[in-house]
Amino acid sequence: MDDFLIYSGYLILLINLVLYSISFFRKEKANGFFVIYLAFAFLMQMSMELLYHLHYNNLFLVNVFIIGQMILLGLFYNSLIKILSQKIFIKSILSVGILIFCIQFLTNPNEFLKFNLFAITLTSLFCVIFGLLHFYNMLTEKKVYYYVTIAVIFFMLGSTVLYLIGNLTLTLSLEVKYFSWKLNAFLFLVYQLVILYEWKVSFSKKSLEN
Amino acid sequence: MNSNSIPEKELVAIILYISLFFIIVAVALIIFFYFSRKKIIQKELEKIELILRYQKEQLHAIIVTQEEERKRIAQDLHDDISSKLNIVSLNSHLLTAPNLTEAETAEITENIIALTTKALDNSRKIAHNLLPPVFEKFGLSAGIEELCEEFESSKSVKTYYKNEIDFDEKDIDRHLHVFRILQELMNNSIRHGKASEIWISFANKDGINTCDYIDNGVGFNCSNAENQKGLGMKNIDSRISFLQGTIEINSEINKGIVVNFTF
């Protein structure tokens with residue numbers, strides 16, 4: 001059951017990557033950064049899966065993934081924004097975030113090999129802020145990437161809470177131990193499905209017309 | 001990795017992170033709502049301002065047209081009637097002069113009669129231009145028929161008028177607006193469109209009175225917003241809003257114009 005959830009999540013992610021790349025190459029309709037983000041996510045998930053099967057510790061990849069996610073989503077929303085002050089706001093938040101992580105990496109490199117709660121919280125927080133900024137801009141204009149932003153905010157909030165309490169489940173019994181991770185896989189699946197829905201709503205008609 | 005108890009430090013860290021996370025998300029949401037509200041209110045204000053500006057322009061157009069009408073009436077009265085009455089008065093004074101011959105008296109009286117007849121004609125014409133008596137007495141359909149005949153005879157256009165609606169005499173005020181709209185449209189067709197044929201038809205579609213007006217003039221570029229802002233068009237818009245109807249204008253260069261309005 002858990003494997004089904006996880007693997008179907010990967011599958012939908014792959015489908016999304018393919019569909020958005022097609023839209024990107026057809027008429028530059030899909031945003032480039034978003035395609036890069038999907039490719040990056042897929043790559044990370046596959047490498048994490050690979051390392052898991054090879055019985056290596058893949059926790060540092062998780063940290064790479066969430067930091068890369070924050071950067072790519074930041075750049076994605078930055079490209080969607082037209083007001084200069086907001087662009088500066090996003091870029092400054094991104095630079096502050098990267099700076100904080102550099103400092104943390106320099107002072108305490110071991111954190112990156114563990115479950116880094118601080119990194120998870122901070123990156124998800126930034127992603128949520130970017131999403132809210134995008135929503136604010138979309139209030140009076142035509143909605144673009146509306147469902148994607150909903151999905152990002154929803155997924156970031158949900159999975160962050162799950163990650164944060166992840167360490168608490170260590171003492172639970174075997175059956176329910178992986179409960180929060182199952183929930184996380186389910187959230188990830190929902191996340192990818194909403195991104196798929198966004199593709200269908202925004203890009204499918206134009207792609208198929210060509 | 002199984003431990004029976006989690007070190008207190010980690011537990012405290014987790015609790016701290018969770019609460020901090022939620023607090024910051026709550027703060028972010030509150031800031032989001034605050035700015036959103038401001039933005040929405042600003043957009044509403046802009047919309048209202050736009051409506052007000054448009055109404056002001058309409059009002060301005062009406063006032064300007066009114067002043068032009070007054071100038072025209074004043075000129076008509078002065079040229080056609082005032083001058084003639086002046087001469088009539090002069091001639092009447094001449095009549096009071098002593099020692100006039102029969103022939104002179106007859107000539108002067110003839111002049112007076114001719115001038116007063118002409119003055120009467122002109123005043124009738126001015127009154128008719130302002131508000132045709134046919135329209136007042138016999139309703140919209142007869143008024144438009146007469147309008148079409150006038151245009152056919154004086155301005156050499158061919159008009160085709162078809163009416164399927166039985167106009168209620170009580171709505172004469174609303175029909176006056178329709179009459180004026182058609183007057184304006186026909187004047188435009190002649191002056192700007194250089195049309196030679198005009199079709200006017202009234203029909204009742206689904207309980208709504210509609211009028212279709214088509215001409216074969218040079219038309220105008222529909223997408224050019226400049227053409228829509230003329231004085232005449234603004235007045236037509238005002239009248240349509242009085243009638244609480246709708247208007248739709250389609251035109252292409254050299255293909256004439258098609259106007260549909262409901263009332």
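Tutor: We will go from the overall layout to helices, then strands, then a single residue. Keep in mind that this is a predicted model.

Student: What share of chain B is buried?

Tutor: Of its 263 residues, buried ones make up 14%.

Student: How are two packed helices described?

Tutor: By two values: the angle between their axes and the distance between those axes. Take helix H1 (residues 8–95) and helix H2 (residues 102–130), both of chain B. Their axes lie 9 Å apart, at an angle of about 160°. An angle over 145 degrees counts as roughly antiparallel, so that is how H1(B) runs against H2(B).

Student: What is the hand of the crossing between H1(B) and H2(B)?

Tutor: H1(B) passes H2(B) in a left-handed crossing. Sorted by class, the residues in this contact are 13 nonpolar, seven polar and four charged.

Student: Now the strands. In what order do they sit in the sheet of chain B?

Tutor: The order is S1-S2-S3-S5-S4, in an open sheet of five strands with mixed pairing. Look at the edges next. S1 and S4 (247–251) of chain B are the edge strands, and each pairs on one side only. On average, neighbouring strands are turned by 10° against each other, direction ignored.

Student: How does the chain get from S1(B) to S2(B)?

Tutor: Through helix H4 (residues 172–191) of chain B. This β-α-β crossover is left-handed.

Student: Which way does S3(B) run against S2(B), parallel or antiparallel?

Tutor: Antiparallel. Eight bridges join S2(B) to strand S3 (residues 208–215) of chain B. B:Phe202 faces B:Cys211 in S3(B), and B:Ala203 has B:Thr210 as its bridge partner.

Student: What should I look for in the hairpin of S2(B) and S3(B)?

Tutor: Check the turn. Two residues lie between the strands, and B:Asp206 takes a positive phi near 55°.

Student: Where does S3(B) pair with S5(B), and over how many bridges?

Tutor: S3(B) pairs with strand S5 (residues 257–262) of chain B over six bridges, in the antiparallel sense. One bridge to locate is B:Tyr213 with B:Val259 in S5(B).

Student: Last, a single residue in chain A. Is A:Ser47 buried, exposed or partly exposed?

Tutor: Count its C-beta neighbours. A:Ser47 has 14 inside 10 Å, so this residue counts as partly exposed. Being buried would take 20 or more, and being exposed 12 or fewer.

Student: Where does A:Ser47 lie?

Tutor: In helix H2 (residues 32–53) of chain A. Now trace on to A:Asn58, 11 residues apart from A:Ser47 along the chain. The C-alpha atoms of the two residues are separated by 8.6 Å.

How values were computed: Residues are numbered from 1 along each chain as its sequence is written. Chains are lettered from A and ligands numbered from 1 in the order in which they are written. This is a predicted model: local features need pLDDT of at least 70, side-chain atom pairs count only at pLDDT 80 or more; totals for chains, interfaces and linings use all residues. Axes are lines fitted to C-alpha atoms, for helices over the stretch in contact, and angles run from 0 to 180 degrees between N-to-C directions. Helices (H or I, at least four residues) and strands (E, at least two) are DSSP runs, numbered from the N terminus. Angles under 35 degrees count as roughly parallel, over 145 as roughly antiparallel, 65 to 115 as roughly perpendicular and the rest as oblique. A crossing is left-handed if the near helix is turned anticlockwise from the far one by less than a right angle, and right-handed if clockwise. Ala, Val, Leu, Ile, Met, Phe, Trp, Tyr, Cys and Pro count as nonpolar, Asp, Glu, Lys and Arg as charged, and the others, Gly among them, as polar. A crossover is right-handed if, with the strands pointing away from the viewer, the path from the first strand over the helix to the second runs clockwise. Two strands pair if DSSP finds at least two bridges between them.
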